Amino acid sequence: MSLFGLGSRNHKTFRPKKNAPSGSKGEQLRKHIDATLGSGNLREAVRLPPGEDLHEWLAINTVDFFNQVNILYGTLTEFCTSSSCPTMSAGPKYEYRWADGVNIKKPIEVSAPKYVDYLMNWIETQLDDESIFPQKLGAPFPPNFQDVVKTIFKRLFRVYAHIYHSHFQKIVGLKEEAHLNTCFKHFVLYTWEFRLIDKAELAPLYELVESILQL
């Protein structure tokens, strides 16, 4: 069943990711996430479960947040176009340029949909790379794993910033604002709990972030 009842709408959705095979620790963590999210207490849901490995927890949540943002943005693809959003921005003060350090080393100006397309493909490449996100239980994470996760979260935040600044009225029209706000609250509490995004990066939505943290 499609989220928001938008199954008929033409939007790009990446295949769901599995961080770990069934029956493994990843599956146990998934059950913990489902149980704590179901309680409605997002602050409790983001905390590292007692005795669990931080890298495992970061990995499985990175996959979840990637999927969440991907689906949210997917509902807007017919409204977020190269003509409506010629730059990837979050209001007049903030514009994001794309570089992945491999294929595109010097940041380039691209439209918002192109930026998000580059971003989702780049994240999926990281998630599919078992030297970064190991699939086998007990396989080691790379020494720079937390840096990779921080870059992913920093860039996912930019998608939220663009949605809020450029498409919020459309979200309201689609009656998706409650879902968007809940997803963003979960995202903010998680990134704050593990210090994944620098305060300066949060500037485009800082008033909203502050209101979430003060609840």
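A nonpolar core is taken here as a set of buried Ala, Val, Leu, Ile, Met, Phe, Trp, Tyr and Cys residues joined through side-chain atoms within 4.5 Å, where buried stands for under 20% relative accessible area, exposed for over 50% and partly exposed for what lies in between, with a 1.4 Å probe and protein chains only. The views show a predicted model, in which local features need pLDDT of at least 70 and side-chain atom pairs count only at pLDDT 80 or more, while totals for chains, interfaces and linings use all residues. Residues are numbered from 1 along each chain as its sequence is written, and side-chain values use heavy atoms, with hydrogens and water left out.

**View 1. The protein chain and its elements.** The protein chain holds 7 helices and 2 strands, these being DSSP runs (H or I of at least four residues for helices, E of at least two for strands) numbered from the N terminus. Read from the N terminus on, the order of elements is α-α-α-β-β-α-α-α-α. Of its 215 residues, 45% count as buried. Among the contacts with a separation of 6 or more, 73% join residues 24 or more positions apart, a contact being heavy atoms within 4.5 Å.

**View 2. The largest nonpolar core.** This core has 61 residues, and those with the most contacts inside it are F133, F157, Y160, F184, F187 and Y190. Two or more residues are contributed by each of α2 (42-46), α3, α4, α5, α6 and α7, and the largest share, 13 residues, comes from α5. For Y190, once neighbours within four places in sequence are left aside, the contacts are V46, W57, L58, N61, F65, F153 and L196.

**View 3. The packing of α3 against α6.** Two packed helices are described by the angle between their axes and the distance between the axes. Here the axes are lines fitted to C-alpha atoms, for helices over the stretch in contact, and angles between N-to-C directions run from 0 to 180 degrees. The axes of α3 (residues 54-74) and α6 (residues 177-193) come within 11 Å and cross at roughly 155 degrees, and the two helices are therefore roughly antiparallel to each other; angles over 145 degrees count as roughly antiparallel, under 35 as roughly parallel, 65 to 115 as roughly perpendicular and the rest as oblique. The crossing of α3 past α6 is left-handed, a term used if the near helix is turned anticlockwise from the far one by less than a right angle, with right-handed used if clockwise. On the α3 side the contact involves W57, L58, N61, F65, Q68 and L72, and on the α6 side H179, L180, C183, H186, F187 and Y190. Sorted by class, this contact has 8 nonpolar, 4 polar and no charged residues, with Ala, Val, Leu, Ile, Met, Phe, Trp, Tyr, Cys and Pro counted as nonpolar, Asp, Glu, Lys and Arg as charged, and the others, Gly among them, as polar.

**View 4. The packing of α4 against α5.** The axes of α4 and α5 come within 11 Å and cross at roughly 155 degrees, which makes α4 roughly antiparallel to α5, and their crossing is left-handed. From α4, the residues A112, Y115, V116, L119, M120, W122, I123 and Q126 meet V148, T151, I152, R155, L156, R158, V159 and H162 of α5. The contact of α4 with α5 comprises 11 nonpolar, 3 polar and 2 charged residues.

**View 5. The packing of α6 against α7.** With their axes 10 Å apart, α6 and α7 pack at an angle of about 80 degrees, and are therefore roughly perpendicular to each other. F184, K185, V188, L189 and W192 of α6 make the contact with Y206, L208, V209, I212 and L213 of α7. By class, the residues of this contact divide into 9 nonpolar, no polar and 1 charged.

**View 6. Residues in three loops.** In the loop between α4 (112-128) and α5, P142 is buried, with a relative accessible area of 13%. P142 touches S131 and I132, residues up to four places away in sequence not being counted, and its C-alpha lies 9.8 Å from that of E130, 12 residues away in sequence. K175, in the loop between α5 (145-173) and α6, has a phi near 60 degrees, a positive value in a residue other than glycine, and counts as exposed at 73% relative accessibility. R195 is placed in the loop between α6 and α7 (206-213); its phi, near 50 degrees, is likewise positive in a residue other than glycine, and R195 counts as exposed at 53% relative accessibility.
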